[in-house]
Amino acid sequence: MIVRKSDRVLVQGITGKQGTFWTEQMQAYGTTVVGGVNPKKAGQNHCGVPIFATAKEAMANGGFDVSVMFIPPAAAKAAAIDAIEAGAKTVVCLTEHIPSHDVMEMHAAAAEHGTRIIGPNTAGIVTPGEGFVGIMPAFNPRIFQPGRVGVISRSGSLGTLVCLNLVRGGHGQSAFLGIGGDPMIGTTTKDALAALIDDPGTDAIALVGEIGGSMEEEAAELVAKTDKPVVSFIAGRASPPGKKMGHAGAIVTGDRGSYASKRGALERAGAVVVDVPGDLPAALDALMAEAAKRSGAQRLAD
Amino acid sequence: MNFEEHAGKSVLNRAGVSVPQGRLCASAQEAEAAARAIGPVVVKAQVPTGKRGKSGGVKLAATPEEASAAAQAILGMEIGGFPVARVLVEEQAAIAREFYAAVLNDPASRSPLVLFSTEGGMDIEEVAATRPESLRRMAVDIRKGFGPADARRLLLGLDLGEAAVPVAGMLVDLYRVYRLHDAELLEINPLALLANGRVVPLDCKLTVDDSALYRQADIAELGAREPLSALEERGRALDLKYIELEGNVGVLANGAGLTMTTMDVVSHAGGRPSNFLEIGGEAYTKGTEALDLVLSNPGVKSLVVNFCGAFARTDVMAGGVIQAWKTLNPTIPVFFSIHGTGEDEAVRMVREELGIEPYDRMEDAISAAVEAAR
């Protein structure tokens, strides 16, 4: 799911205001955009790339790897399934407020075709210096710099803040993986963590969680198994229970999805969980120094 | 959107699932009249939350006089923070056995999940922990659906006797209603086998996906609206997600994650946020309305404006706040932290037009706001 310059990107809904703006941003950054989809404007060009009637048509005419959707909620299911059935490797679904039953149909189709869905309700993914897909300010050098720290976030705004803090603390990013704030998302915290653990360009991981659901608890299993340092901030400690805090997935009901449960699981697994996002870089420095000492000792022992 | 028991049963009934005879009553007199027409009844508080029985919100009544007394006792109670304004007066059923049945959205399998247990009337978490052998679950391919053969497979090996056929039929019906109405949860506990062999829902918990209400208009009017404060109503009318809290530090941020975090840091610094309000997504153009809303809470003693723009442009948001600040001319202090898309322009505008220097670190802006609110 880490975006590479070689990934060919299709933009579904390319002609809309947001589709146009962010396609231009992606292109300026170096992302390889190969086309767009709008059934009403098929055959025309937009942002210097051809517009197709469907994702299937785009696949038949040059092909693509990743589709990113600028599609309103009521039309999102059909667009996602078009891309999935066309053979997309990855579908990045930015749309918020897609009915859950539609989302489940998207996931069933994706599972059948071996497509990875990122989102819904994600702000996208960024590989600093290489490319980005979505609506993240990748082009802002105060926020994104090439580096060795992988960042996972359910929230675009909080993920942006964390990247800003990291860069300020001298840490660039190997990848930013926005996974989305909905209760039912295709690529989970655990999936994203597994990808960063496997990524040779990533030395350490910043896991940005939120109250609601149990994705952080599930990801903790992997934290316990990796040697890569993991630092974390979990949002929502001060949120009242029973209220959805903007994200449909951020709600604490009974004992489920609480801050304490997430923090506890991550800490038991060996992650350092900080109280405020500004403390992330220092926590990372300490953990990375420790890891370097360990591997130095290991080398001497060998 | 949550549906109270009577509303959930009404949705079931409209979809062709038979439910016990009952009447919704708002007074003891109405309850008495209902019992006179129905016979021995159960009087049940109608609130969009669980644990009614444990709170004393469910009473049996053999006569109309008892029904009146039961309604008298229950009406006006508060259960789970909800005042009880209405009771459901429902026929008493001759119950042979009680089961549990539910269909819900399962984030783990990313599909619908059908649950059934022979242990009705208990919390399902308790059943899962203490009698796991009585609990069956089946993840459904939403494109294929859940039919009689699936139901039989789910119930295989459970000692249901004569009830197996009507229970299987009920599960298929419940799945159909769940799909028909974009439910997040449809839970029947207990699902009763009556002495006459029929299987009927004695309770009903229904939650419909808010994102799908646009295509569920025909049942939306039956749902229980979440109780909102006057300010929260105003927020809703403006299409802004505003939650009123009891603190004194006003919070204006963009995006759900950053807004939650701003509240967390306010608490961490020893303060109390007076609201949740995010102006992320398309709402980033509503800075003026948003600020007005935050300042309308009489508890607010200071304000923190925390923007970290990606999609949301900070210069547009800051422009809205500045315009509102000049119009409303509030007397409380405000502390800014602004980063991301449009940052340079936003910082310049705040500096030049309000004469305020934004903080570089969000934590510093928030600490200052917490200090000022003391």
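**Close-up views of a predicted model**

**View 1. Val249(B) meets its partner across two strands.** In this predicted model, Val249(B) sits opposite Ser302(B), which belongs to strand 17 of chain B. Strand 17 covers residues 302–309, and strand 15 of chain B pairs with it in the parallel sense over five bridges.

**View 2. Strand 15 of chain B, residue by residue.** Here we stay with residues 249–253, a mostly covered strand in which five of five residues are buried. Which residues point which way from strand 15 of chain B? Val249(B), Val251(B) and Ala253(B) point one way, while Gly250(B) and Leu252(B) point the other way. In a regular strand, side chains alternate between the two faces of the sheet.

**View 3. The largest nonpolar core.** Welcome to a core of 128 residues, the largest nonpolar one. Val68(A), Leu252(B) and Phe336(B) are the residues with the most contacts inside it. Helix 13 of chain B (residues 362–373) gives the most to this core, contributing seven residues. A second, separate core has 45 residues, among them Leu154(B), Ala168(B), Val199(B) and Ile219(B).

**View 4. Around Phe336(B).** Take a look at the partners of Phe336(B), with neighbours within four places in sequence set aside. Phe336(B) is in contact with Val305(B), Val321(B), Val350(B), Leu354(B), Ile356(B), Pro358(B), Tyr359(B) and Ala365(B).

**View 5. An annotated stretch of chain A.** An unreviewed UniProt entry places the feature "domain: CoA-binding" at residues 2–98 of chain A. Over this stretch the chain is 34% helix and 26% strand, and its end C-alpha atoms lie 24 Å apart.

Notes: Residues numbered from 1 in each chain as written. Chains lettered and ligands numbered in written order. Predicted model: local features only at pLDDT ≥ 70, side-chain atom pairs only at ≥ 80, totals over all residues. Heavy atoms only, no water. Buried < 20%, exposed > 50% of the residue type's maximum accessible area, 1.4 Å probe, protein only. Helix = DSSP H or I, 4+ residues; strand = E, 2+ residues; numbered from the N terminus. Pairing = 2+ DSSP bridges. Core = buried A, V, L, I, M, F, W, Y, C linked by side-chain atoms within 4.5 Å. Contact = heavy atoms within 4.5 Å. UniProt positions renumbered as here; feature names shortened; annotations may be inferred.
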